[in-house]
Amino acid sequence: MVSIWMTFFVVTYLFIVGYLGFRGYKGTKSATDYMLGGRKVHPYVMAMSYGATFISTSAIIGFGGAAAVFGMSLLWLPFLNIFLGIFIAFWLFGGRTRRMGLRLDAHTFPELLGRRFQSRFIQGTAAVIIFMFIPMYASAVLTGAAKYLAHQFEIHYSTALFIFAVIIALYVVMGGIKGVMYTDALQATVMLVGLSALLFLTYHRLGGITHAHQLLTDMADKVPPTLAARGHQGWTSMPKFGTPLWWVAISTITMGVGIGVLAQPQLAVRYMTVKSGRELNRAIPIGGVFILFTAGVAYIAGALSNVFFDQTAGKISIAMAQGDVEQIIPMYLQQATPEWFNVLFMLTLMSAAMSTLSSQFHIMGTSLGRDLVEESLNIRKKGHGVLATRFGVLAGILVSVYLSYIIDIRFGKTGTAVVARGTSIFFGLCAGAFLPIYIGALWSRGITKTGAIAGMLAGALSSLFWMVFVLEKSSTALLLCGKFFGTRSLAISMVEGKEVFASTGPVIWAFVDPILISLPIAILATVLASLFTKKFEVKHIDFCMEKTGVRHG
Amino acid sequence: MLGIEDPWVVAPYLLCIASTLLCLAWGILKWNKEDPETEMDKQIQHWAEEENQVESEL
């Protein structure tokens, strides 16, 4: 039943989003405005936009549900998110990226890499990687949001999908990054309020912090035998070292996302939107608090949902949700929180989805319009400003919506499983392709153009290979490994009708995240190729590294 | 500690809070600290703003 209050709050929320999008549109007069907010964005807006873009519905529903299964050992991820994803990212990466971007007059992340390494190929390839793979990530978020809204408002999935996409399209196409970041700041504020309330309600209901944790610790004997066999030792203990659950918790969830965030192009471009390093310093505390009270809360509430369900139904969370991880958080909210909170949390989830999607659509547009068409292919018309980028945004939205629509209609559960891997595939791919050369671009004087190209291609290809043919979770969903080799992963073989996982010491290869494979390969390729190829002129490096004021090349 | 026995799980719980406090302290201490920008960077920033202004007027 759709309550009048729910309708009132949603309409009010959308009205404010529309107003902020319109303000973005009115303030957008140039390409720099459309892509970088005129390089004058307020630190609160920048930090909240960065956080809201990073924390999507899958971080709340998906990872919150995962925390209900794994327990509080997943808190290593929000720690990395705060320390690496905010503090180190803004302090070390942010300052250098902003200054180098300004010196090279770069408007996008691929353009920064392309101009630093004086290579249109790098800019074009980075744009192709983004435009080809981010629709899958966007589709994962869009599908989840549309299903949730369809359920809440009792409307058809395709209607919810269409309405949701049109609302976001309007303010992204017209308002550019200003429209995106203004609305992000509002949406992040809603998320902060909603998730902080969830933290308070959860601890309050379970008798306080220490008591709630103790109750969860005392449930260790209720771990199902199937999970215990895979390494589960209770919800306040780490999984047993070297077991499948340990590898998933540490390599895939913690390192894959925790380190991968540094190379997300839609996040890195945020550093270039502020006026000076002072703004970045001011954004650090805002970002840190935001991540603690969003990502941190989702994991704590997810883990503690086991105590609530044990007390009320005598079951653990995953049993209550009948094995569907993504149902745990919605079920917990429905049963454990008051009616008014469900309205607030619906706005929280809408905000999480809209803020992530708007940035994804925007970067699809800049990748296609600016990086590929205008810069790499050198097709531009005088006086057309950001027309190509606006068409790029529109194309990106259409591809994502089509994916979300057709996959649900045509491929059912198989398609949904593929799309659900969209987030991790994009994170893994960006980490392999961009992280080594991004770090090299900012700090190394010795990387050559050939070295950067070799590193990017080696990282992207090794990451893709690992996800398609080895990493059990994605290779099973993508089906290609089964089609070519008759097994769901090259690291799994059948012995006497039973699956045997290939391992070396404590390493079980089918559970090792691609970031642990592609990063060393990309670094090695970059270093080796740079040793034997032509160096950049000292003038260019000096200019990029702020040693001189003369732009060269 | 805090109702959690495994130190490997207590650690990230406390580290989340500690790293947030680090972010807050950093923001307070560096609130008015300017970038280690060269004069040239300020000049480039100025040119970029002028260029943006011209493009806006066009």
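Mentor: Angles under 35 degrees count as roughly parallel, over 145 as roughly antiparallel, 65 to 115 as roughly perpendicular and the rest as oblique. The model here is predicted. In it, helix 6 (residues 109–116) of chain A packs against helix 16 (residues 339–376) of chain A at about 40°, the axes being 9 Å apart. Helix 6 of chain A and helix 16 of chain A are therefore oblique to each other.

Trainee: Which residues of helix 6 of chain A meet helix 16 of chain A?

Mentor: From helix 6 of chain A come A:Pro110, A:Glu111 and A:Arg115, and they meet A:Arg370, A:Asp371 and A:Glu375 of helix 16 of chain A. By class, the residues of this contact are 5 charged, 1 nonpolar and no polar.

Trainee: How is the core to be read, and which residues touch the most other members of the largest nonpolar core?

Mentor: In soluble globular proteins, nonpolar side chains tend to be buried together. The largest nonpolar core here has 207 residues, and A:Phe90, A:Tyr271 and A:Phe434 touch the most other members. Helix 8 (residues 157–205) of chain A gives the largest share of this core, 23 residues. Leaving aside residues up to four places away in sequence, A:Tyr271 touches residues including A:Phe90, A:Phe93, A:Leu280 and A:Tyr438.

Trainee: How many residues of chain A are in contact with chain B?

Mentor: The contact involves 47 residues of chain A and 39 residues of chain B. About 3800 Å² is buried between chain A and chain B, with 63% given by carbon and sulfur atoms. Of the area that chain A buries against chain B, A:Trp76, A:Leu102 and A:Arg282 supply 14%, more than any other three residues.

Methods. Residues are numbered from 1 along each chain as its sequence is written. Chains are lettered from A and ligands numbered from 1 in the order in which they are written. This is a predicted model: local features need pLDDT of at least 70, side-chain atom pairs count only at pLDDT 80 or more; totals for chains, interfaces and linings use all residues. Side-chain values use heavy atoms; hydrogens and water are left out. Axes are lines fitted to C-alpha atoms, for helices over the stretch in contact, and angles run from 0 to 180 degrees between N-to-C directions. Helices (H or I, at least four residues) and strands (E, at least two) are DSSP runs, numbered from the N terminus. Contact means heavy atoms within 4.5 Å. Ala, Val, Leu, Ile, Met, Phe, Trp, Tyr, Cys and Pro count as nonpolar, Asp, Glu, Lys and Arg as charged, and the others, Gly among them, as polar. A nonpolar core is a set of buried Ala, Val, Leu, Ile, Met, Phe, Trp, Tyr and Cys residues joined through side-chain atoms within 4.5 Å. Buried means under 20% relative accessible area, exposed over 50%, partly exposed in between (1.4 Å probe, protein chains only). Buried area is the accessible area (1.4 Å probe) that two parts lose on being put together, summed over both.
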